[in-house]
Amino acid sequence: LRSCSPGQARRTNASRRARLVARFGDIYAQERLDAETLLKTYISDMEMVQRIIYIAAVESFNAAKTAYRQFKIRVRETLSIGHSGPESLEETVLDYIAHHEDLYDVQASVNEVICSMNIHPKISLPREIDFIVISTLIRELCRVAFSMQTLVPPLDIAFGTDGELFSETKYRRSFDSDFTAALVAYHVWPALMENDIVIVKGEAVTKR
């Protein structure tokens with residue numbers, strides 16, 4: 001294990017949080033649209049394109065959180081051998097991970113996401129292409145999701161289901177929505193949460 005400066009991650013928590021929230025917004029504005037443009041060259045159904053991107057975001061967070069939990073277990077086991085304080089073992093573990101995020105095997109998570117998407121019942125691709133075409137989006141989502149787990153408290157995305165009651169607090173309606181409809185037909189982008197409180201709205205399509 002590499003050495004790290006104890007307590008530094010905690011002291012910079014607010015600045016790291018702000019940076020990661022901004023990065024999540026940048027991915028929505030840039031990588032998401034790039035992926036959308038790319039997928040539209042193969043798929044004429046805009047709903048399917050948006051579903052693919054939303055599910056990529058959800059699966060990326062799932063894969064990154066799983067990888068973080070496994071990484072944290074390994075770091076805790078190693079650091080516990082010689083830990084003597086003054087900080088708690090948990091604080092030392094978080095410090096270490098925050099300072100050595102480059103050890104995260106993001107490609108393994110990308111592969112996991114693509115595998116999950118290949119068997120997802122609500123999305124499909126033409127035979128001639130593979131979900132690897134949006135691997136840039138997936139990789140960036142995995143990176144930001146992993147980093148968000150090192151914050152105190154960690155950030156996560158909201159759980160969304162087709163047919164749920166539309167929440168003004170949690171989502172913006174997409175431009176092609178029926179603005180009188182009360183239910184979500186499908187999601188375009190997940191909301192970002194902190195302790196079950198929305199800090200960045202997602203996007204959803206409402207239809208009757």
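Trainee: Hi! Where is Ala35 placed?
Mentor: Ala35 sits in helix H3, which covers residues 31-40. Keep in mind that this is a predicted model.

Trainee: Okay. Is Ala35 buried or exposed?
Mentor: Ala35 is buried, because its relative accessible area is 6% and the cut-off for buried is under 20%.

Trainee: And which residues does Ala35 touch, leaving out those up to four places away in sequence?
Mentor: With those left out, Ala35 touches Ile53, Ile134 and Leu137. Take Ile53: Ala35 and Ile53 are 18 residues apart in sequence, and their C-alpha atoms are 7.5 Å apart in space.

Trainee: Let's zoom out. What domains is the protein divided into?
Mentor: There is domain 1, residues 6-154, and domain 2, residues 158-207. Their C-alpha centres lie 21 Å apart.

Trainee: How many residues of each domain are in contact with the other?
Mentor: On the domain 1 side, 19 residues are in contact with 19 residues of domain 2. The area buried between domain 1 and domain 2 is about 1700 Å², and carbon and sulfur atoms give 61% of that area.

Trainee: What classes of residue make up the lining?
Mentor: The lining has eight nonpolar, five polar and six charged residues.

Trainee: Now the backbone. Which residues does a cis peptide bond join?
Mentor: A cis peptide bond joins Val152 and Pro153, with omega about 0°. Pro153 is in the loop between helix H7 (135-148) and E1.

Trainee: Last one: where does Asn195 lie, and what is its phi?
Mentor: Asn195 lies in the loop between strand E4 (192-194) and strand E5 (197-200). Its phi is positive, about 50°, although Asn195 is not a glycine. Asp196 lies in the loop between E4 and E5 too, and has a positive phi of about 65°.

Trainee: Are those two buried or exposed?
Mentor: Asn195 counts as exposed at 58% relative accessibility, and Asp196 counts as exposed at 72%.

Notes. Residues numbered from 1 in each chain as written. Predicted model: local features only at pLDDT ≥ 70, side-chain atom pairs only at ≥ 80, totals over all residues. Heavy atoms only, no water. Nonpolar A, V, L, I, M, F, W, Y, C, P; charged D, E, K, R; others polar. Helix = DSSP H or I, 4+ residues; strand = E, 2+ residues; numbered from the N terminus. Buried < 20%, exposed > 50% of the residue type's maximum accessible area, 1.4 Å probe, protein only. Contact = heavy atoms within 4.5 Å. Domains from an automatic or database assignment. Buried area = accessible area lost by both parts, 1.4 Å probe.
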